[in-house]
Amino acid sequence: MIFVTGPLMAGKRDYIRAALGLSPEEFARRAVWDVQTLAAEAPDLNALAEALSAREIVIATEVGGGLVPTDPAERAAREAAGRLSCLLAERADTVVRVCCGLPQVLKGQLPC
């Protein structure tokens, strides 16, 4: 599994599509994105990470930057998203962080 992360609007999807030479249709079949939104409602983050890691490409937006929310539910959702990203990175063969459209391979190697 390739796990791609980075800030909002950093070009994560565009980068991985171009790097792997995927059409929009192929990308939609092989990838799942915005997985950080699934973390807040997940009763078991390990089970969610295991299910997501069966996909070829998993993309999550980093949500840990900026001000800490004052709302307890928002803080918990942010914490869950961060934990999910850690679990996915642990399971991934390749981890790429994309910022401003520039990739940084943190783990493994892109298969291209």
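Thr5 stands opposite Ala60 in strand β3, strands being DSSP runs of E with at least two residues and helices DSSP runs of H or I with at least four, both numbered from the N terminus. The model is a predicted one, in which local features need pLDDT of at least 70 and side-chain atom pairs count only at pLDDT 80 or more, whereas totals for chains, interfaces and linings use all residues. Residues are numbered from 1 along each chain as its sequence is written, and side-chain values use heavy atoms, with hydrogens and water left out.

Five strands form an open sheet of mixed pairing in the order β2-β3-β1-β4-β5, where two strands pair if DSSP finds at least two bridges between them. The edge strands, each pairing on one side only, are β2 (31-32) and β5 (102-107). Strand β1 is joined in parallel to β3 (residues 57-61) by five bridges and, also in parallel, to β4 by four bridges, with Val95 of β4 as the bridge partner of Phe3. By contrast, β4 and β5 pair in the antiparallel sense over five bridges, and Gln104 in β5 is the bridge partner of Arg97.

Five of the five residues of β1 (residues 2-6) are buried (under 20% relative accessible area, with exposed meaning over 50% and partly exposed in between; 1.4 Å probe, protein chains only), so the strand is largely enclosed by the rest of the structure. Ile2, Val4 and Gly6 point one way from β1 while Phe3 and Thr5 point the other way, and all are buried. Helix α5 (residues 72-91) lies across β1, β3, β4 and β5 and runs at about 145° to β1, the angle being taken from 0 to 180 degrees between N-to-C directions of axes fitted to C-alpha atoms, for helices over the stretch in contact.

Thr94, in β4 (residues 94-99), counts as buried at 4% relative accessibility. A polar atom of the Thr94 side chain lies 3.0 Å from the backbone oxygen of Gln109. Beyond residues up to four places away in sequence, Thr94 touches residues including Met1, Ile2, Phe3 and Gln109, contact meaning heavy atoms within 4.5 Å.

A search of the whole structure finds zero disulfides, a disulfide being a pair of cysteine sulfur atoms within 2.5 Å. Cys100 is in no disulfide, the nearest cysteine sulfur, that of Cys99, being 4.1 Å away. Cys86 counts as exposed at 55% relative accessibility, and Cys100 counts as exposed at 69%.

Conventions. Polar contact = N/O pair within 3.5 Å; in protein donor to acceptor, adjacent residues only side chain to side chain.
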